[in-house]
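Colleague: Hi! Could you walk me through this model? I'm new to reading structures.

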Amino acid sequence: MTPEMLPWVIARSTGFAAFGLLTLAMIAGLLVRTRTPVGSVKGSGMVDLHRHFSLLALVAIAVHGTALLFDGTIDVSPLALVVPGLVPYRPLWTGLGVLAAEVALLVHLSFRFRKRIGVPMWRRIHWLTYAAFTGAAVHGIASGTDTGTTWATAFYGAAIAAVAALTGWRAATARRPAPGRRARPAAGGHNRPMRDGAEETTQRLPA
Ligand code: HEM
């Protein structure tokens, strides 16, 4: 490997790191939602893990994009890191990566402003994590150099299978009340305090 190749190697490895961390953030979020403990990690510990994975994914995405600015094999401007479609290499699929990164950032920031925007709006924004994950997967597969290698296929396959399986598990257990809690009221609902002082409504949201 020559020194000129270093940014390209960093861009590729941080691309996989970002996708792996995004996947772990999805998995931890789904484990929070389905109240599934992993060893001694559960409840607020799992929420913390979920947020940390989400933040680390954003850091990896930032390094991924920054490395591309120094990659001599591709002409990427700083503007192209934020405006989808400006990267000359596979513009559709790299543009999808830019969009996925922006959606991931929006979802992460929405947690900080949850009190201001309200929990129902925060929940709606949180559904966009599926768009970010799907966009990132398609982006990596369609624009990556390593697509087609056995290890990359196993990596993408395992990540997608894990998120799909847990999403199925979430759907199957969605209406199950927590142990010791009564089922949700059909209408009206009530509010209960959340860890950070915001309130979570149990009122059903419009589809
Ligand atoms: C959610 C955010 C993102 C994730 C998870 C992600 C992940 C990935 C992955 C896994 C690859 C495949 C690397 C390989 O096969 O070697 C890749 C490639 C690539 N990504 Fe991203 N990416 C994201 C955002 C971005 C952004 C914002 C840009 C900026 C334009 C970008 C530009 C590229 C380019 C140009 C490649 C091809 C690199 C190559 O293989 O030579 N990505 N990305």
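Modeller: Happy to. This is a predicted model, and buried residues make up 24% of the 207 residues in the protein chain.

Colleague: What does the secondary structure of the protein chain come to?

Modeller: There are 7 helices and 2 strands.

Colleague: Nice. Which residues of the largest nonpolar core touch the most other members?

Modeller: Those are Leu22, Ala57 and Ala104, in a core of 34 residues. The helices α1, α2, α3, α6 and α7 each supply at least two residues of this core, and the largest share, 11 residues, comes from α1.

Colleague: Let's zoom in, then. Which residues does Ala57 touch, leaving out those up to four places away in sequence?

Modeller: With those left out, Ala57 touches Ala18, Leu21, Leu22, Ala25 and Ala104.

Colleague: Changing topic to the ligand: how many residues surround the ligand, and which are the closest?

Modeller: The ligand is surrounded by 33 residues, and the closest are Gly15, Gly97, Gly140, Gly144 and Thr145.

Colleague: Which helices each supply at least two residues of that shell?

Modeller: They are α1 (6-33), α2 (43-69), α3 (91-112) and α6 (128-143). The largest share of the shell comes from α1, with 8 residues.

Colleague: How does the shell around the ligand split by class?

Modeller: It has 20 nonpolar, 11 polar and 2 charged residues.

Colleague: α1 keeps coming up. How many residues does α1 have, and what does it reach from end to end?

Modeller: α1 has 28 residues and reaches 40 Å from its first C-alpha to its last, which is close to the 40 Å expected at 1.5 Å a residue.

Colleague: What follows α1?

Modeller: Arg35 follows α1, and its phi is positive, near 50 degrees. Arg35 sits in the loop between α1 and α2.

Colleague: Why do Arg35 and Arg90 count as partly exposed?

Modeller: Arg35 counts as partly exposed because it has 13 C-beta neighbours inside 10 Å. Arg90 is partly exposed because 15 other C-beta atoms lie within 10 Å. A residue needs 20 or more to be buried, and one with 12 or fewer is exposed.

Colleague: Then where does Val9 lie, and is it buried or exposed?

Modeller: Val9 lies in helix α1. It counts as exposed because it has 12 C-beta neighbours inside 10 Å. The C-alpha atoms of Val9 and Leu68 are separated by 9.7 Å, while the two residues are 59 residues apart along the chain.

Colleague: How about Arg112, buried or exposed?

Modeller: Arg112, in helix α3, counts as exposed because it has 11 C-beta neighbours inside 10 Å. Arg112 and Trp122 are 10 residues apart in sequence, and 9.8 Å apart in space, C-alpha to C-alpha.

Colleague: Let me jump to α7. How many of its residues are buried?

Modeller: Of the 24 residues of α7, 2 are buried, so this helix lies largely in the open. α7 reaches 34 Å from its first C-alpha to its last, close to the 34 Å expected at 1.5 Å a residue.

Colleague: Last topic, confidence. What pLDDT does the protein chain average?

Modeller: The average is 87, and 84% of the residues score at least 70.

Terms used. Residues numbered from 1 in each chain as written. Predicted model: local features only at pLDDT ≥ 70, side-chain atom pairs only at ≥ 80, totals over all residues. Near = placed C-beta within 6 Å. Helix = DSSP H or I, 4+ residues; strand = E, 2+ residues; numbered from the N terminus. Nonpolar A, V, L, I, M, F, W, Y, C, P; charged D, E, K, R; others polar. Core = buried A, V, L, I, M, F, W, Y, C linked by C-beta atoms within 7 Å. Contact = placed C-beta atoms within 7 Å. Expected span 1.5 Å × (residues − 1). pLDDT = per-residue confidence, 0-100.
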